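Dear colleague,

Please find below the structure I am handing over to you. My notes on it follow.

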Amino acid sequence: MFNLILFGPPGSGKGTQSAKLIEQYGLVHLSTGDILRSEVKAGTALGLEAKKLMDQGNLVPDEVVIGMIESKLDEHAGAGGFIFDGFPRTVEQAEALDALLLRKGTTIHSMLALEVPQAELMRRLLERGRIEGRVDDNEHTILHRISEYRHKTKPVASYYDAQQKLRSIAGDKSIDQIYAAIQAQLAQLGPED
Ligand code: AMP
């Protein structure tokens, strides 16, 4: 099994790079943002509860997203590995993920952190807002999401750095240049394609 975390602030390109990785390596993509948006769309109780928080750019409670990830790991029990995108977003979530993977006899092999300057994040997210119409891609909410990232999510990088699993990738380049840098990292430790 090979388990990878794609880490970075909102707008850093985690979803875009995940799509390329899945195609090449056949890993299962677990994006808590995508799962939450499909719950909202389906109008489930969880979706209704999450929608208010998401629309304001606040994080959804740890126990909610940890529960979602646990059931997805069970659902894909035979998978060759996972790409975690947008999760873990707090140290509590990282500790829970490590415990869940340990129970399954596996671990996180690497965290790739996409580094992008704030002005570029804002530019990309406003553009996505125009194209995709995501409610949380407006200037006020983007600033709050970046602040949530700085305060609650950034410490997750140190958590995996302490396990020698953190690798930084310059994320303010073209999609293909970023992917080439990711592949170079994975060539040292990653899955077979
Ligand atoms: P994303 O699509 O990853 O940008 O996530 C969109 C929104 O979903 C976030 O602003 C949060 O409100 C919520 N969310 C997604 N993943 C998580 C997570 N791991 N922990 C808490 N909230 C999350």
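Helix H9 covers residues 175-189; its 15 residues reach 22 Å from the first C-alpha to the last, close to the 21 Å expected at 1.5 Å a residue. That expected span is 1.5 Å times one less than the number of residues. Helices (H or I, at least four residues) and strands (E, at least two) are DSSP runs numbered from the N terminus.

This is a predicted model, in which local features need pLDDT of at least 70 and side-chain atom pairs count only at pLDDT 80 or more, while totals for chains, interfaces and linings use all residues. Residues are numbered from 1 along each chain as its sequence is written, and side-chain values use heavy atoms, with hydrogens and water left out.

In H9, the buried residues are Ile178, Tyr179, Ile182, Gln185 and Leu186. Seen down the axis of H9, these residues fall within an arc of 120° and so line one face of the helix; the arc is taken over the directions from the helix axis to the C-beta atoms. On the other side, Asp176, Ala187 and Gln188 are exposed. Buried means under 20% relative accessible area and exposed over 50%, with partly exposed in between (1.4 Å probe, protein chains only). The buried residues of H9 pack against strands E1 (2-7), E4 (110-115) and E5 (166-170) and helix H1 (14-25), contact being heavy atoms within 4.5 Å.

Lysine 52 belongs to helix H3 (residues 45-56) and is exposed, with a relative accessible area of 60%.

Yours sincerely
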